[in-house]
Amino acid sequence: MCGIVGYIGNKKAEPILLNGLSRLEYRGYDSAGIATIENTAIKTIKNKGRVAELASMPNIDKLNGTIGIGHTRWATHGRPSSENSHPHMDNSNKFAVVHNGIIENYADLRDFLKSHNYFFLSETDTEVIPNLIHFHYINSKFEGEKRFLKAVIDTCKMLKGSFALEIICSDFPDNMVVVRKDSPLVIGKGKDECYISSDIPAILSFTKDFYLLNNFEYAYISRNNIKFFENDLKEFNKEINNITWDAGAAEKDGYPDFMLKEINEQPKSIRETIGSRISLNKPTVLDEIDLDKKYLSSINKICIVACGTAMHAGLAGKYIFEAICEIPAEVEAASEFRYRNPIINEKTLCIFITQSGETADTIAALNLAKSKGAKTIAISNVIGSSITREADYTLYTHAGPEIAVASTKAYTSQIVLLAILAINFAEKLGINSEKIAELKDDILKLPSQIEEVLKDTSKIKEFANKIYKEKDVFYIGRGIDYTVALEGSLKLKEISYVHSEAYPSGELKHGAIALIENGVTLVSILTNRLLVEKSISNIQEVVTRGAKTFIVTNQDFDNKFDVIIRVPKTNTLIAPVLSVIPLQLLAYYISKEKGLDVDKPRNLAKSVTVE
Ligand code: G6P
């Protein structure tokens, strides 16, 4: 939900800002803008449309400032337009601000400012911020840098909601103030220059040294110095983090899109997720989690909470925890969980899965669980992301940066990590040792098995070419295969804009089968030996009514179907890691056939930091 970038140094800011914005476009892409300071005047260029359109605007390369801020927008308040694009300025053009987040009390703040004769040029919630800063600045008793900083602090104290802000001021052409609350922001430190961004990968090619701001920590940034302040203007020291990610990880590496690259990276990402956590004949190593046998024996339920694809990984996790740990597990969408009164207490273990670690609903759900006394584990892919600062324990997937909006490698890594966690619990509980040994063996084989699945994708491409004009596609599966059906169906909707529904195989005949007619496409996932015959009967029921079939399976059967994609055999509990890959590719190729922007599908954003 909006990406922000900033630069202060000795180089021209404009190309650096545009480069950073293009890497942050996955966060929103309906408008973009940048502002720099030149000869103590702020110059802004912004427009509706993508970053590439901004980059080709006349005069953009005439912005010569060496300090600047930039923004790529996912509209919340006000339609995409030039006026609503960021940066926003105060009425006197002294301050320019870019903002990621939502100001919930912006209407009251507008009234307050209007009563002091301020006016507004946009429909956004953000425009109150530069004007409030101006209000506090002109009424300040402070001087110099404290005056600038204090005006920002006093403004932030009035804001309700979430924000990551970068602020420049024409009175301070060599400084920038940045702050965050519940929206991500990192500061990269180079030699005599600083880079600011919503995420690390966008500026990884410039530096590997980062400061990760916590809520209400203010950074007063100069070219060669960063000072950190708390709300009460007290200065404090902050630790710098060295990030080991390789800058190439945020590049397309010869692939036409990030999504295809990320699908193909799955052997590597799964290897990284496994790392040294499991090896045969030795207990799992999960030093991050110190829950002991006494605690694990006392819990009566595991609640898994997440959104979107991460929730589908959680659904697979339910099967794994119940089978391996013999503890009941529930899965719920964070947006639902947080607005009811879930029955949880100190005997509930809650696991929150979020690739970005920034999803507002998931973070709010975690805070609710904590307030009810539950222990909380966050599973995230982003080091230092917001949720990792709130959870009792954090496990990182280590899947590497995921840039495409539709999640692929993060999903498979989440499932593998859930399986490792379940094994770790079962080992501590001293149960199911045989099952665990087999599962470990199968987990270790996954990376090379994924390589096999990725070797020949021609049948999937051909089928995509045949069905890309379809209006409806049905996905079915039984047991854990149903959770993969849900994920396959979501991928198709997200990037191909094809309506699709996922059903438990046995449920289809209780209603949706009425929609099956000649030519409709049915995608079926079939990886459980014990359920093969029943599932084939369900597929036959649909074939009889004229459906085209695309089957992903690791089972042996002689029945003839239109397309059968064979994936390697593995433990049913981790079969989703292999069976989802043909479905990711099917959605990908359909989207390509339709000529769509695979990495940046309409209306979506990768990191949903609003409710
Ligand atoms: C958005 C994205 C999805 C993602 C979901 C949860 O809706 O478009 O791809 O699965 O958010 O994101 P998270 O970062 O919490 O895993």
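Me: What makes the place of Asp192 a loop between β9 and β10 (194-197)?
Reply: Strands here are DSSP runs of E with at least two residues, helices are runs of H or I with at least four, and both are numbered from the N terminus. Asp192 lies in the loop between β9 and β10 (194-197). Bear in mind that this is a predicted model, where local features need pLDDT of at least 70, side-chain atom pairs count only at pLDDT 80 or more, and totals for chains, interfaces and linings use all residues. Residues are numbered from 1 along each chain as its sequence is written, and side-chain values use heavy atoms, with hydrogens and water left out.

Me: Why is Asp192 called partly exposed?
Reply: Buried means under 20% relative accessible area, exposed means over 50%, and partly exposed is in between (1.4 Å probe, protein chains only). Asp192 has 33% relative accessibility, so it counts as partly exposed.

Me: What is said about the phi of Asp192?
Reply: Its phi is near 55°, a positive value in a residue other than glycine. Most residues other than glycine have a negative phi, and most peptide bonds are trans.

Me: Where is Asn39, and is it buried or exposed?
Reply: Asn39 is in the loop between β2 (31-38) and β3 (41-48). Its relative accessible area is 75%, so Asn39 is exposed. Asn39 also has a positive phi, about 50°, although it is not a glycine.

Me: What makes the bond from His86 to Pro87 cis?
Reply: Its omega is near 0°. Pro87 sits in the loop between β4 (67-73) and β5 (88-89).

Me: How do you know that β9 and β11 pair?
Reply: Two strands pair if DSSP finds at least two bridges between them. Strand β9 (residues 186-189) and strand β11 (residues 209-212) have three bridges, in the antiparallel sense, so they meet that rule. Gly188 has Phe210 in β11 as its bridge partner.

Me: What about β11 and β15?
Reply: β11 and strand β15 (residues 241-242) are joined by two bridges, again antiparallel, and at least two is what the rule asks for. Here Phe210 stands opposite Asn241 in β15.

Me: Which residues come nearest to the ligand?
Reply: A residue is near a molecule if one of its heavy atoms lies within 4 Å of it. There are 14 residues around the ligand, and Thr309, Thr354, Gln355, Ser356 and Thr359 come nearest. Helix α9 (residues 308-325) gives the largest share of that shell, three residues.
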